[in-house]
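Have the sequence and the 3D view open side by side while you read.

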Amino acid sequence: MKRIFKLIRELVKSDEVSHPTASVVSVPFPCLYGVPIYEHLSEVSRLKRENRNEEALDLAMACAKAMADAARSGNGPVMEHYVIETTIIQTKLKRYEEVIATIDGWFALGLEPGRLDDHVSLQKRLAKARESLARSRGEDTTQYTQAWREYVAEEKRIKAEAAAGRIKITGVRSGQVSVGGEIPGGRNSHSIYTTPPSQLAKPVFVAVDFETANREGTSACQVALVKVANGQVVDRYVSYLKPPSGSGRFEFTHLHGISRKDVADAPTWQEIASTVAEFCAGVPVYAHNAQFDRGVWQKLDARYGTVNLPPDFFCSYRTARNVMPGLEDYKLPTVAAHCIPEYRLNHHQADSDAEACGLIIAALQRHAGLR
């Protein structure tokens, strides 16, 4: 288990390829041990046939990491089938927590999918792993089973439409739309954070923003929640957070102004988790760059054993890009200036960022004619 979490930390935090023979800076395709990673796939298959699954897993993980490092640095394509191969072996070994960590860690990198079908396959496998883990713990599996079924159906539909020439499954980018304005692949296809119209139309929702002390998700030092109803802010919850032991290095004080002294007497995530869950109960939750904030939430839940991550978690960045194309960029200050020019954003202050996110979604609802 330590091995997979070490790999994920390296994927998220490192800007270099850690294995000296896996560097891909000077070659057009990611390499491992001096050869392109695709040449290792036959060896992975052989090791699996011989039931040498630990060795197969090590090699698959190394290939996935080489691919991710190259993709992050712009020296190689995004090829999620290497991540899929890793999770296939982990699933065979019934290491469901490792499957979840692998896929969540990959999604946290925020790389654009190379193939729509591979991306949906990963989402399907994530739902199945969560279902299997919940079942092994004697917990309710209903939401995970339903999500898995939806992704299975979505995967079949994508392949059928691709075969008929109606959609393109390679080179998908988050803002891509097809004739009629539908996102290729439908709900949660190329991004698990794009808001479907049925959710965007909901009049009540919550916007969230986390600030972290450093690059570790568990180092969250502030959380802000803003509830919006019919376009108006109706409730707020803001709290400093005390990071757990080992995660308290304050590297980002220059951005948000929060220091170790500010959180010395603050509650931990575990102490406020029930309040947060009650605040968000039954409504969609949005964040600007939801991959980051949802990732922080997941890591806090994993660290403290809490289970309150909202099932409907969407991204105002991606939603704005889909509903309102053509902006210079979709960073929070840019979208706020366009959608809510009267709002004075205090960027990197959790309460201000969360409020801006909520008001942006309200503006997008109006722009889309949903309110």
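N51 sits in the loop that links α2 (41-49) to α3 (53-72); helices here are DSSP runs of H or I with at least four residues, strands are runs of E with at least two, and both are numbered from the N terminus. This is a predicted model, in which local features need pLDDT of at least 70, side-chain atom pairs count only at pLDDT 80 or more, and totals for chains, interfaces and linings use all residues. Residues are numbered from 1 along each chain as its sequence is written, and side-chain values use heavy atoms, with hydrogens and water left out.

**Loop residues with positive phi**

- N51 isn't a glycine, yet its phi is positive, at about 60 degrees.
- With 57% relative accessibility, N51 counts as exposed (buried is under 20% relative accessible area, exposed is over 50%, and partly exposed is in between, using a 1.4 Å probe and protein chains only).
- K94 is another residue other than glycine with a positive phi, near 60 degrees.
- The loop that holds K94 runs between α4 (81-92) and α5 (96-108), and K94 is exposed at a relative accessible area of 61%.

**Overall picture and confidence**

- Of its 371 residues, 52% count as buried.
- Take the contacts in the protein with a separation of 6 or more: 67% of them come from residues 24 or more positions apart (a contact means heavy atoms within 4.5 Å).
- Mean pLDDT for the protein is 83, with 85% of residues at 70 or more; pLDDT is the predictor's confidence in each residue, on a scale from 0 to 100.
- Residues 8-27 have pLDDT below 50, and this stretch has 44 contacts in the model beyond near neighbours in sequence.
- Residues 171-191 also have pLDDT below 50, with 54 contacts in the model beyond near neighbours in sequence.

**α3 against α4**

- α3 and α4 pack at an angle of about 155 degrees, and their axes are 8 Å apart (axes are lines fitted to C-alpha atoms, for helices over the stretch in contact, and angles run from 0 to 180 degrees between N-to-C directions).
- That is why α3 and α4 are roughly antiparallel to each other (under 35 degrees is roughly parallel, over 145 roughly antiparallel, 65 to 115 roughly perpendicular, and the rest oblique).
- α3 passes α4 in a left-handed crossing; left-handed means the near helix is turned anticlockwise from the far one by less than a right angle, and right-handed means clockwise.
- On the α3 side, N53, A56, L57, A60, M61, C63, A64 and M67 meet Y82, V83, E85, T86, I89, Q90 and K92 of α4.
- By class, the α3 and α4 contact has 10 nonpolar, 3 polar and 2 charged residues (Ala, Val, Leu, Ile, Met, Phe, Trp, Tyr, Cys and Pro count as nonpolar, Asp, Glu, Lys and Arg as charged, and the others, Gly among them, as polar).

**α4 against α5**

- The axes of α4 and α5 are 8 Å apart, and these helices pack at about 165 degrees.
- That makes α4 roughly antiparallel to α5, and α4 passes α5 in a left-handed crossing.
- V83, T86, T87, Q90 and T91 of α4 meet Y96, E98, V99, T102, I103 and W106 of α5.
- Sorted by class, the residues of the α4 and α5 contact are 5 nonpolar, 5 polar and 1 charged.

**α10 against α11**

- Helix α10 (residues 269-280) and helix α11 (residues 290-304) have axes that come within 11 Å and cross at roughly 130 degrees.
- α10 and α11 are therefore oblique to each other, and their crossing is left-handed.
- W269, Q270, V276 and C280 from α10 meet W297, L300, D301 and Y304 from α11.
- The α10 and α11 contact has 6 nonpolar, 1 polar and 1 charged residues.

**Two individual residues**

- S45 is in helix α2 and counts as partly exposed, at 33% relative accessibility.
- S45 and A60 are 15 residues apart in sequence, and C-alpha to C-alpha they are 9.7 Å apart in space.
- R318 is in helix α12 (residues 316-323), and R318 is buried, with a relative accessible area of 12%.
- Between the C-alpha atoms of R318 and Y330, 12 residues apart along the chain, the separation is 8.1 Å.
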